[in-house]
Amino acid sequence: MQHTANNTNSENTATATAENTATAESSAEERPDKPFVRMSTARSRELGEELRRIRREANLSSGWVSEALGWSLGKLSKLETGSRGTSVWEIGTLVGRCGADKATRDRILALVVEPDTGSFLRPHHTGPDDLTALTLHEATATSITVYEPLTIPALVQTEAYALALTGDQALVRRRRARQEALALRRGPHLTVYLHENALRHLVGDADMMRDQLLRLTSLHSASHTTVRVVPATAVAHPALSHPAVLLTFPHPQRPLAYTETDLATVFHDDSRMVTRLRDKMRHLTRLALSEQESGKALAHWADVYQGRLR
């Protein structure tokens with residue numbers, strides 16, 4: 001009984017929030033001199049992308065769905081881009097009209113009633129590579145800054161390194177797809193901070209590590225990628241302890257930060273959280289070798305692993 005009451009309260013809260021947004025939007029339409037601009041959030045864009053995928057997987061056009069529901073095409077478009085909200089009931093109607101199964105309906109409705117706290121958690125199995133919240137935002141980011149203390153970051157791993165690290169061929173394919181998606185659109189600018197311990201740590205064998213270091217050396221010279229190495233001699237600092245990723249987007253979208261654990265990835269678009277991650281990246285900039293010295297460090301470790309093959 002308590003569980004049912006909690007669900008009802010969550011749905012009422014989500015509905016009230018959506019209705020308040022709709023009222024504000026309507027008021028703005030009546031006052032063109034002061035247009036209402038609804039800032040999308042990482043969560044609303046994730047929900048919108050999930051709705052768009054469901055519609056496309058059902059092979060339904062946006063025009064057909066809008067007409068079937070009695071909506072304007074603009075309303076559906078804004079829902080799918082995360083720039084407007086609506087009631088739980090209407091989301092359920094949309095998902096049902098697209099013929100989604102129960103598991104999909106439950107997953108979507110859970111996103112709708114999830115409280116918007118500025119942080120959200122997405123569980124995964126072996127890695128986050130197929131999380132909508134991750135792939136969607138990587139595809140629209142203008143810059144990605146990543147730090148890893150113990151391993152080579154996922155976006156610059158070779159397939160052999162990724163397989164040796166995870167033992168999961170399906171994950172490797174998804175990871176490769178992420179890398180290719182970024183390469184195809186010639187962006188975003190990728191800045192990689194990695195600790196020298198990640199270069200020392202043998203994953204697979206020497207041959208595999210040599211190829212991985214050569215890959216990093218090649219990327220380091222590319223115009224859209226910067227690799228900075230934090231030397232093993234760097235002064236101890238809290239910024240070195242945990243991995244983190246920061247994404248930025250075209251105005252007015254807010255930056256998004258995330259941290260991966262073994263079981264889940266935690267996303268943050270709350271400005272206070274993002275500020276703390278920006279500070280972390282600034283500390284890493286001060287602790288890391290220069291771009292030129294980082295290039296030399298990468299070449300040195302490639303030579304080390306080459307020497308082990310002789």
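Residues are numbered from 1 along each chain as its sequence is written. In this predicted model, local features need pLDDT of at least 70, side-chain atom pairs count only at pLDDT 80 or more, and totals for chains, interfaces and linings use all residues, while side-chain values use heavy atoms, with hydrogens and water left out.

The structure holds 23 salt bridges (a side-chain nitrogen of Lys or Arg within 4 Å of a carboxyl oxygen of Asp or Glu). One of these joins the side chains of E114 and R43, at 3.0 Å from N to O. E114 lies in the loop between α6 (102-113) and β1 (119-123), and R43 in helix α2 (residues 42-57), so the pair ties together parts 71 residues apart in sequence. Helices (H or I, at least four residues) and strands (E, at least two) are DSSP runs, numbered from the N terminus. R43 is buried, at 11% relative accessibility (buried, under 20% relative accessible area; exposed, over 50%; partly exposed, in between; 1.4 Å probe, protein chains only).

D130 and R174 form a salt bridge through their side chains, at 3.8 Å from N to O. This pair links distant parts of the chain: D130 sits in the loop between β1 and α7 (132-140), and R174 in helix α9 (residues 169-184), 44 residues apart. D130 is partly exposed at 46%. R174 is partly exposed at 27%.

K296 and E293 pair in a salt bridge at 3.5 Å, N to O. Both lie in helix α13 (residues 291-308), 3 residues apart, about one turn of the helix. K296 is partly exposed at 48% relative accessibility, and E293 is partly exposed at 36%. Elsewhere, salt bridges with shared partners join R43, E46, E114, D116 and R122 into one network.
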